[in-house]
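Q: Hey, can you walk me through this structure? I'd like to start with the aromatic rings and then go on to charges and the surface.

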Amino acid sequence: AWVGGVIRVGDARVDHTRPERFAQPHHGFAWIRMIGALLVIYGHSSPLAGTGELFSRDWALRPDEGVLMGFFAMSGFQITESWLRDPHPLRFAAKRVLRLWPPMLTVSLGMALVVGPLVTSLPVRAYFAEHGTWAYVVDNAGLLTLQHHLPGVFASNPWPGAVNGALWTLPMELLAYAGLFVLLLAGLARGRMRWLAVVALCALVVWDRYLEQEPGAESAGSLLSVPVESLVAFLVAFAFGVVLNLHRVPLSVPVAAAGMAVLIAMPNSIAASFLMTFAVSYAVVVAGHRWPARLTVPGTWVNGSYGVYVWGFPVQQVLAMAGIANQYAMVACAAPIAYVLGTLSWVFVEEPTMRLRHLLGPA
């Protein structure tokens with residue numbers, strides 16, 4: 001959920017009486033994504049270190065899950081804006097591919113061919129002779145066929161065997177892009193067809209509520225490597241972001257604050273989990289538009305959130321293997337390393353590959 005977008009000047013949804021006090025929305029979204037990616041590292045630290053519990057089970061607002069909901073809502077909002085600015089199917093699809101695949105392929109190759117041989121419990125020759133080593137790269141390149149294990153890698157960690165658990169949301173992101181692409185080709189962005197976005201959101205909400213009542217975690221099974229129950233839940237947030245954009249829903253700070261206050265005051269329940277999707281999704285879109293101008297920094301400082309997200313989990317697994325068994329020490333060590341790797345990913349992988357979209361012609 002890291003696709004950039006620029007909101008048109010004079011957008012009626014946000015009434016800035018003093019616009020000079022606010023950053024451009026795309027910069028606000030970049031900040032929020034970076035903070036969210038670091039919060040994901042925080043959320044992973046307890047299970048990966050094998051100690052403690054960072055979030056109380058009584059909280060309705062689950063920071064780790066809420067962050068992912070916010071990512072999907074921002075993605076739905078911004079890639080809809082991308083289509084509105086340049087409704088060209090080939091360029092639109094190319095932008096999505098060039099944004100999603102290169103960092104994911106880079107981290108998969110890095111883990112299989114560089115980190116894996118260094119940390120595996122197998123002899124290096126045996127490691128490279130294993131079918132699973134090469135299947136890891138091939139399956140992850142397919143994105144919908146994720147593989148999470150490499151031979152002998154992290155086998156004795158508190159969270160054994162998982163090389164990069166953070167990748168699990170990327171197939172859902174791809175499916176969200178594909179579904180929106182089909183609807184956009186059907187005319188979703190045209191004035192008389194925008195009701196389709198609301199219908200799609202309502203259908204997803206009904207499906208999500210039905211699956212929530214089914215007994216057992218992920219009782220709906222999987223679509224290849226994608227758990228259907230989680231997929232539908234995240235698609236609700238994504239579709240809500242699309243609706244916020246297409247229907248120019250007013251973005252109000254008091255409304256966002258009230259929604260978050262109600263959520264924080266609620267006990268953990270199915271109803272609170274449902275409210276979290278909409279409260280957090282709305283709040284992050286509002287925050288992106290109200291980001292203070294005084295916090296504007298060079299884009300390189302905050303644009304590497306996708307890289308932070310995909311590199312954070314394997315960095316934490318290496319630290320756990322090195323003996324870090326305290327969740328707070330894990331955060332303190334993993335966050336700066338992941339930030340550096342994410343920034344390098346932006347500078348040397350993401351930004352250069354995103355420039356390739358211009359080969360398809362100007363918007």
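This is a predicted model: local features need pLDDT of at least 70, side-chain atom pairs count only at pLDDT 80 or more; totals for chains, interfaces and linings use all residues.

Q: Is tyrosine 177 buried or exposed?

A: Tyrosine 177 counts as buried, because its relative accessibility is 4%. Phenylalanine 238 is also at 4% relative accessibility, so it counts as buried.

Q: What about an edge-to-face pair, which residues make one?

A: Phenylalanine 274 and phenylalanine 278 do, at 5.2 Å centre to centre with 75 degrees between the planes. Both lie in helix α10 (residues 270-289), 4 residues apart, which is about one turn of the helix.

Q: Which residues form an aromatic cluster?

A: Phe72, Trp168 and Phe234 form one.

Q: Back to helix α8. What's its length like, and how covered is it?

A: α8 has 19 residues and reaches 26 Å from its first C-alpha to its last, close to the 27 Å expected. It's mostly covered, with 19 of its 19 residues buried. Just after α8, arginine 248 takes a positive phi of about 50 degrees.

Q: Switching to charges: which rings does arginine 96 sit over?

A: The charged end of arginine 96 sits over the ring of phenylalanine 92, 4.7 Å from its centre. Arginine 96 also lies over the face of tyrosine 177, at 6.0 Å from the ring centre.

Q: And how many salt bridges are there?

A: The count comes to 7 salt bridges. In one of them, glutamate 350 meets arginine 99, at 2.8 Å from N to O. Glutamate 350 lies in helix α13 (residues 327-355) and arginine 99 in helix α3, so that bridge ties together parts that are 251 residues apart in sequence.

Q: Where do those two sit, buried or exposed?

A: Glutamate 350 is buried, because its relative accessible area is 0%. Arginine 99 is buried too, with a relative accessible area of 7%.

Q: What does arginine 355 pair with?

A: Glutamate 351, with the closest N and O atoms 3.9 Å apart. Both are in helix α13, 4 residues apart, about one turn of the helix. Glutamate 351 is partly exposed, with a relative accessible area of 29%.

Q: Which residues are linked in a network of salt bridges?

A: Asp86, Arg91 and Lys95 are.

Q: Last topic: what makes the nonpolar surface patch?

A: Leu109, Leu113, Val114, Leu118 and Trp134 make a patch of about 500 Å². Helix α3 (residues 89-119) gives the most to it, with 4 residues.

Q: Is leucine 118 buried or exposed?

A: Leucine 118, which lies in helix α3, counts as exposed because its relative accessibility is 69%, and the cut-off for exposed is over 50%.

Note on methods: Residues are numbered from 1 along each chain as its sequence is written. Side-chain values use heavy atoms; hydrogens and water are left out. Patches are made of residues with over 30% relative accessible area and no salt bridge: like charges are joined within 9 Å, nonpolar side chains (Val, Leu, Ile, Met, Phe, Trp, Tyr) within 5 Å. Accessible areas come from the Shrake-Rupley method with a 1.4 Å probe; for residues, only the protein chains shown count as cover. A salt bridge is a side-chain nitrogen of Lys or Arg within 4 Å of a carboxyl oxygen of Asp or Glu. Helices (H or I, at least four residues) and strands (E, at least two) are DSSP runs, numbered from the N terminus. Buried means under 20% relative accessible area, exposed over 50%, partly exposed in between (1.4 Å probe, protein chains only). Rings of Phe, Tyr and Trp (its six-membered ring) pair if their centres lie within 6.5 Å; planes under 30 degrees apart count as stacked, over 60 as edge-to-face and the rest as tilted. A charge sits over a ring if NZ of Lys or CZ of Arg is within 6 Å of the ring centre and within 35 degrees of the ring normal. The expected span of a helix is 1.5 Å times one less than its number of residues.
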